[in-house]
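Please keep the sequence and the model in view while reading.

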Amino acid sequence: MPNCDLHCHSTCSDGLLSAPEVARRAAANGVDMLALTDHDALDGLPGARAAANDVGMAFVNGVEISIEWEALQIHILGFAFDLGDQTLNAGLASVRSGRIERARQMSAALEKVGIGGAFDGAMRHAANPNLISRSHFGRYLVEAGVCKDLRSVFESYLVPGRPGYVDHRWATLADSVRWILGAGGVAAVAHPGRYKLSRADMRRFLAEFKDLGGQAIEVMSGSHTPELVDTYARLAREYAFLASRGSDFHGPGESYVDLGKLAPLPDGLKPVWETF
């Protein structure tokens, strides 16, 4: 089975490395096929593709779209789409709009609990200010000594019910799938094990995703335990989803697993990359 890593991030969203650096690191780690999946942005794809071509690694256009489903934020991956599709690009622009104002509100909320300078601090970590995110705030909180690492940041701050969390108007599930399919791509659910959904709600979500035309699910993710891998392998078979595999790499020392270092997909699944 080829070593395919179909989920990672660059400085074009909340990663630590530039898009070409991500591609070169992936190739050095033995990745045969890479998809760069920055949050709600396609800016890094040309540079990553050029770097992949230079080292002889297959490359697939990718994106991770932020959606809201029943008041819960969920991420949908898109693969192998037309980079120039106008509807997809306009949809992603609509998701990106308002991030800076949201960041100011997050900073004000943190100031109320005694954490000052968060907006400027987060902006220092955002190579693309229009895509400033909770990860950039998290890096500032670690830098300022408020928390020891990003994982502890998201246990205490920046999530619903904790200081610093501010809601944002994301796309709908129907929007994201329509944009990806309309651009000729494949839609996949990102790291399903990370969402706080009951078993029944997860089944409702997956059924709705499939009814809308969703084709795949990320079975092997950097944040999935072996038990979660088994769970989503079983659900992939039950719903006849293609199976995806991605590290969700953000940068050295800040990710669950490095590029290309995940275990293979479980047996009996059809890999999503076979459709590209």
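The sections below go from the chain as a whole to its aromatic rings and then to individual residues.

## Overall form

The model described here is predicted. Its chain contains ten helices and seven strands. Along the principal axes, the C-alpha trace spans about 50 × 45 × 40 Å. The radius of gyration is 18 Å, which agrees with the value near 19 Å that a compact globule of 276 residues would have.

Contacts across the sequence can also be described. Among contacts between residues at least 6 apart in sequence, 72% join residues at least 24 apart.

## Burial, surface and charge

Of the 276 residues in the chain, 54% are buried. The chain exposes about 11600 Å², and carbon and sulfur atoms supply 49% of this area.

The chain carries 27 positive and 33 negative charges.

## Aromatic rings

A pair of aromatic rings is described by the distance of the centres and the angle of the planes. Five aromatic pairs are found in a search of the whole structure. One of them joins W69 and F205 in an edge-to-face arrangement, with 5.2 Å from centre to centre and 70° between the planes. Since W69 belongs to strand 3 (residues 58-69) and F205 to helix 9 (residues 199-211), the pair ties together parts that are 136 residues apart in sequence. Both W69 and F205 are buried.

Another aromatic pair is formed by Y239 and F241, which are stacked, with 5.7 Å from centre to centre and 10° between the planes. Y239 and F241 are likewise buried. Ring pairs link W69, F205, F209, Y239 and F241 into a cluster.

## Two residues with positive phi

A240 has a positive phi of about 60° although this residue is not a glycine. A240 is placed in the loop between helix 10 (226-239) and strand 7 (242-246). Its relative accessibility is 58%, so A240 counts as exposed, the cut-off being over 50%.

D248 is also a residue other than glycine with a positive phi, near 60°. D248 is found in the segment after strand 7. With a relative accessibility of 4%, D248 counts as buried, because buried means under 20%. Leaving out residues up to four places away in sequence, D248 touches H7, H9, H191, R194 and S255. The C-alpha atoms of D248 and S221 are 6.8 Å apart in space, while the two residues are 27 apart in sequence.

## M220 in strand 6

M220 is part of strand 6 (residues 216-221). This residue is buried, with a relative accessible area of 8%. Which residues does M220 touch, not counting residues up to four places away in sequence? They are V229, S244, R245, G246, L262, A263, P264, L265 and P266.

G185 occupies the loop between helix 8 (173-182) and strand 5 (186-189). Is G185 buried or exposed? G185 is buried, its relative accessible area being 7%.

Apart from neighbours within four places in sequence, G185 is in contact with F79, A80, F81, I180 and Q215. The C-alpha atoms of G185 and D82 are separated by 7.3 Å, although these residues are 103 residues apart along the chain.

Note on methods. Residues are numbered from 1 along each chain as its sequence is written. This is a predicted model: local features need pLDDT of at least 70, side-chain atom pairs count only at pLDDT 80 or more; totals for chains, interfaces and linings use all residues. Side-chain values use heavy atoms; hydrogens and water are left out. Helices (H or I, at least four residues) and strands (E, at least two) are DSSP runs, numbered from the N terminus. The radius of gyration is taken over C-alpha atoms; the globule rule is 2.2 Å times the number of residues to the power 0.38. Buried means under 20% relative accessible area, exposed over 50%, partly exposed in between (1.4 Å probe, protein chains only). Contact means heavy atoms within 4.5 Å. Accessible areas come from the Shrake-Rupley method with a 1.4 Å probe; for residues, only the protein chains shown count as cover. Lys and Arg count as positive and Asp and Glu as negative; His and the chain ends are not counted. The place of a charge is taken as NZ of Lys, CZ of Arg, CG of Asp or CD of Glu. Rings of Phe, Tyr and Trp (its six-membered ring) pair if their centres lie within 6.5 Å; planes under 30 degrees apart count as stacked, over 60 as edge-to-face and the rest as tilted.
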